[in-house]
Amino acid sequence: MKSATEASDVQQELLASSRQIFPGGSSGLWRLPDEYQIVVSHGRGSRVWDMAGREYIDCILGSGPVIIGHAHPAVVAAAQEQAAKGATYFLLNEPAIRQAEMVVDAVPCAEQVRFVSTGTEATFYAIRIARAYTGRNKVLKFEGALHGGNDYATMSTTPPRTSDYPHGIPDTGGIPPQVQDQVLVSEFNNLDLTRDLVRQHGDDLAAIIMEPLQRALNPEPGFLAAVRDLAHEVGALLIFDEIVTGFRLAWGGAQEYYGVEPDLAVLGKALGGGYPVGAVAGPAAIMEVVSAAIRGTPRYVWMGGTFSGNPLSAAAGLATLGVLRAEGSFARLHAIGDQVRAGLEDLGREFGEPLQAIGAGPLLQVFFGEGELRSYRDCLHTDNDKRIAFARELLRAGILTNPGEKLYFSLAHSDEDVGRILDIARTALKTVQKKNEAG
Ligand SMILES: Cc1ncc(COP(=O)(O)O)c(C=O)c1O
């Protein structure tokens with residue numbers, strides 16, 4: 001056993017190394033603020049521990065996948081059992097087939113499934129499928145929607161300023177102008193604008209891709225169905241990016257929860273229960289474009305890779321879905337989200353702060369601002385500094401969160417966790433107010 005000082009020294013040494021060997025000191029897209037930087041040692045249930053032995057309530061959950069909690073015994077057992085039989089085959093295997101059956105059982109639009117390893121790949125392929133299927137080029141997305149890191153998706157995901165619709169702002173260097181020109185950007189919950197753009201570009205529109213719950217912004221009643229009708233009016237496909245909402249808002253995802261069926265669904269995160277996976281699911285008539293049987297024809301879509309149908313991810317995913325499928329899981333996930341959202345908004349009222357905790361099911365995002373939040377532009381007008389300051393206070397007190405972004409909850413979060421989160425939020429809000437008053 002290491003002493004607390006030794007453990008803390010190991011963490012410091014690893015952090016110093018990470019700053020040297022990872023660009024920007026980060027293993028991915030973002031990093032915790034310097035003063036809260038940790039190296040994770042392990043996770044269990046709703047908790048994560050750092051290398052120095054400090055315990056946190058985890059509201060990051062691996063950016064969403066860990067929906068039944070860290071190291072759930074059923075998932076650990078399934079992964080261990082599969083690992084002992086081999087990690088990957090590049091061939092049909094039972095876990096992948098059973099997982100695909102589960103997707104078809106759950107997701108209303110799903111008749112067939114193709115697995116990949118990440119959400120970024122899955123959205124990229126869904127858009128390619130739509131192009132090949134319709135013989136068209138353009139894709140419409142909504143400002144502020146996140147669809148991963150591929151060239152078509154990284155347009156106006158987190159633009160620092162607004163642009164003139166339908167022109168987007170690239171989130172990254174390296175996107176050829178020819179690709180940028182194929183992406184139209186509209187405003188979430190703005191049906192008039194979306195209708196105009198869809199009708200204007202209808203002849204060359206392959207797909208509308210959207211997060212049905214855009215980040216934490218809820219669709220207004222009727223919006224999703226109207227977008228689907230518009231897509232179909234011009235012969236385009238509607239793609240729901242359900243990487244966050246799939247197996248989270250309901251067994252059948254957002255399409256079940258909101259009652260609107262898209263043409264294609266993109267899945268990831270919860271589907272693998274923490275192990276890498278992405279998927280595109282849809283009717284056989286569309287999905288057949290990825291079948292090797294039509295290779296060599298213009299409609300054929302190359303989709304897949306080394307880890308497509310990986311048995312380890314599938315076994316862990318299946319175990320996760322098995323737990324989620326049990327009676328009462330989604331009611332519980334919604335109850336946790338509802339409690340925290342209501343508790344935070346109560347605190348806002350108590351402290352005279354315009355705190356809005358928006359979202360659905362077991363995820364929420366906090367904003368400080370008056371007025372209804374219907375789209376990304378509305379959120380741009382809220383108090384960003386206060387949002388970040390509040391999140392940093394949560395972090396300081398031991399709630400893991402990507403500052404200012406969504407908080408995720410799992411089946412492992414207990415009522416005690418909810419109480420603790422709200423207690424910490426109360427202190428955090430008090431501190432933020434005090435600092436603001438002090439100028
Ligand atoms: C809605 C949505 N789509 C796509 C992605 C990309 O998935 P991945 O990070 O697995 O590439 C994400 C990731 O956060 C997401 O939230």
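Select Thr320 to start: this residue is buried, with a relative accessible area of 0%. Buried means under 20% relative accessible area, exposed means over 50%, and partly exposed lies in between (1.4 Å probe, protein chains only). The model is a predicted one, in which local features need pLDDT of at least 70, side-chain atom pairs count only at pLDDT 80 or more, and totals for chains, interfaces and linings use all residues. Residues are numbered from 1 along each chain as its sequence is written, and side-chain values use heavy atoms, with hydrogens and water left out.

Stay with Thr320 and show helix α10, residues 311-324, where Thr320 has its place. Helices (H or I, at least four residues) and strands (E, at least two) are DSSP runs, numbered from the N terminus. Not counting residues up to four places away in sequence, Thr320 touches Ile67, Ile68, Val75, Ala270 and Gly273. Contact here means heavy atoms within 4.5 Å.

Next, select Ile129, Ile208, Met210 and Ile239. Within the largest nonpolar core, which has 68 residues, these four touch the most other members. A nonpolar core is a set of buried Ala, Val, Leu, Ile, Met, Phe, Trp, Tyr and Cys residues joined through side-chain atoms within 4.5 Å. Colour helix α4 (residues 119-134): it gives the most to this core, with seven residues. The core draws at least three residues from each of domain 1 (4-63 + 327-438) and domain 2 (73-324); these bounds come from an automatic or database domain assignment.

Now centre on Ile129. Leaving aside neighbours within four places in sequence, Ile129 is in contact with residues including Leu264, Val280, Ile286 and Met303. For a second, separate core, of 27 residues, select Ala106, Cys109, Leu267 and Leu324, which are among its members.

Move to the ligand. Among the residues surrounding the ligand are Thr118, Gly119, His147, Glu211 and Val244; a residue counts as near if one of its heavy atoms lies within 4 Å.

For Asp241, a polar side-chain atom lies 2.7 Å from a nitrogen atom of the ligand. An N or O atom in the side chain of Lys269 is 2.7 Å from a ligand oxygen atom.

Last, select Thr172, in the loop between β5 (138-142) and α5 (177-180). Thr172 is partly exposed, with a relative accessible area of 35%.

Conventions. Polar contact = N/O pair within 3.5 Å; in protein donor to acceptor, adjacent residues only side chain to side chain.
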